[in-house]
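Here are my notes on the model, point by point.

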Amino acid sequence: MRIAKVVGTVISTRKHPNLVGSKFLIVEFIQGMTDIQGNRIVAADTVGAGIGDYVMIVEGSTARKCFDSEERLVDTAIVGIIDDENDIIIQK
Amino acid sequence: MRIAKVVGTVISTRKHPNLVGSKFLIVEFIQGMTDIQGNRIVAADTVGAGIGDYVMIVEGSTARKCFDSEERLVDTAIVGIIDDENDIIIQK
Amino acid sequence: MRIAKVVGTVISTRKHPNLVGSKFLIVEFIQGMTDIQGNRIVAADTVGAGIGDYVMIVEGSTARKCFDSEERLVDTAIVGIIDDENDIIIQK
Amino acid sequence: MRIAKVVGTVISTRKHPNLVGSKFLIVEFIQGMTDIQGNRIVAADTVGAGIGDYVMIVEGSTARKCFDSEERLVDTAIVGIIDDENDIIIQK
Amino acid sequence: MRIAKVVGTVISTRKHPNLVGSKFLIVEFIQGMTDIQGNRIVAADTVGAGIGDYVMIVEGSTARKCFDSEERLVDTAIVGIIDDENDIIIQK
């Protein structure tokens, strides 16, 4: 699982019907777990993450399987919030 | 989901029978959501996207599952149009 | 779907039995759809592509599902030939 | 399978219910099997790996299938510990 | 399918029970099919490959499906040996 920081939200009114009700967050992957690399993508939230949280991301078919009632048409999902970012940041 | 901008269309007359009827658009991935990186690929449209739209892309097996009647033989699909590109562009 | 140019063929006599009868072509991915980047891999053909053709490539599990009678043990397949390469080449 | 070195642990209290009970380790991929590249991600352990071990990693849907009772919502898992790191390190 | 050269073997005594009996080889991917790039990973063999062979590699879920009796927990497998490396090497 890659580690990312939640940095924003994004709205898409015209989207695939399967995605209605999904909460989309903008996340920024962390390079070497030490600093932000500016590599932003959109992730579907499954754990109630908010801006500023450090999160664990699953990608690919695993992301599609994170939702309760059905397979959701996503390829990136947030599956956990890191308790203490000092566990993952090695240089301060 | 990666974010891309629709920049063109492409025609393929000789293609796999499973792909007949698909609408293929050329999309350009956005680097850090701030500028275009010239990284163009072909995506199958599911939401009626047009040239100039900023869109959400799913890749891999998720793309194959975006179509109603069957699994389509694609690995890249457009699943949403971003309402306001200012949500995703951080430097102007 | 990534775009590539067919540049050669390759023979493998000792191969997995599931792959017997597959036609393997060497393809070179196109960087930004403007020039060849020297990144060559082997793709299984499904559309009768030949050397010099610009083709659409699917990767991953989608490639495995492109064959009629069974799932084939490939991770890269050609699913379409581009009609006019000028649609995809942006700088001449 | 990529080779990595286990370098730490990480705690996530708020996580997807499917992940409760998983042991998460921070691993660092090895560049050319000769030195550490600083590319850290989180992997789910299946073999009792500890800090300092050199391990084999599976990614994608294979990682999800490594757990006994169910498919786990992970995309990175440790499936083996390398006996002798000299087998994989080519320059000393 | 990416092309690689077999460069060694690796032993893992403590591994996932599903992997017992697998033959693991160290392979080095070829950059542009002209020279070795030092990018080594571990692949499960399905064709009796040996050190020095140029081989075709499948990755991801396809690798998992290459084994007879069951799905094996691998994400990289050797599925063919290239007859003549001159077919794939473009600069000498």
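**Notes on the chains and their contacts**

1. Let's start with chain A, which has one helix and six strands (helices being DSSP runs of H or I with at least four residues, strands runs of E with at least two, numbered from the N terminus). Reading from the N terminus, the order of elements in chain A is β-β-β-β-β-α-β.

2. A word on ground rules. This is a predicted model, with local features needing pLDDT of at least 70 and side-chain atom pairs counting only at pLDDT 80 or more, while totals for chains, interfaces and linings use all residues; side-chain values use heavy atoms, with hydrogens and water left out. Residues are numbered from 1 along each chain as its sequence is written, and chains are lettered from A and ligands numbered from 1 in the order in which they are written.

3. Staying with chain A: 57% of its 92 residues count as buried (under 20% relative accessible area, with exposed meaning over 50% and partly exposed in between; 1.4 Å probe, protein chains only). Among contacts in chain A with a separation of 6 or more, 54% come from residues 24 or more positions apart (contact being heavy atoms within 4.5 Å).

4. In chain E, have a look at strand β5, residues 54-59. Five of the six residues of β5(E) are buried. Strand β1 (residues 2-9) of chain E runs antiparallel to β5(E), joined by four bridges (strands pair if DSSP finds at least two bridges between them). Within that pairing, Lys5(E) sits opposite Tyr54(E). β5(E) is also joined to strand β6 (residues 76-81) of chain E, antiparallel again, by five bridges, and here Glu59(E) faces Thr76(E).

5. Now the contact between chains E and D. How many residues does each chain give? Chain E contributes 25 residues and chain D 24 residues. Together they bury about 2,000 Å², 57% of it on carbon and sulfur atoms (buried area is the accessible area, 1.4 Å probe, that two parts lose on being put together, summed over both). Arg14(E), Arg40(E) and Asp75(E) supply 29% of what chain E buries against chain D, more than any other three residues.

6. Which elements of chain E give two or more residues to the side touching chain D? They are β2 (14-15), β3 (24-31), β4 (35-45) and α1 (61-64). The largest share, six residues, is from β4(E). By type, that side of chain E has 11 nonpolar, eight polar and six charged residues (nonpolar: Ala, Val, Leu, Ile, Met, Phe, Trp, Tyr, Cys and Pro; charged: Asp, Glu, Lys and Arg; polar: the others, Gly among them).

7. Finally, chain D against chain A. The contact takes 25 residues from chain D and 25 residues from chain A, burying about 2,000 Å² with 56% of it on carbon and sulfur atoms. Arg14(D), Arg40(D) and Asp75(D) supply 29% of the area chain D buries here, more than any other three residues. On the side of chain D that touches chain A, the elements giving two or more residues are β2 (24-31), β3 (35-45) and α1 (61-64), and β3(D) provides the largest share, six residues.
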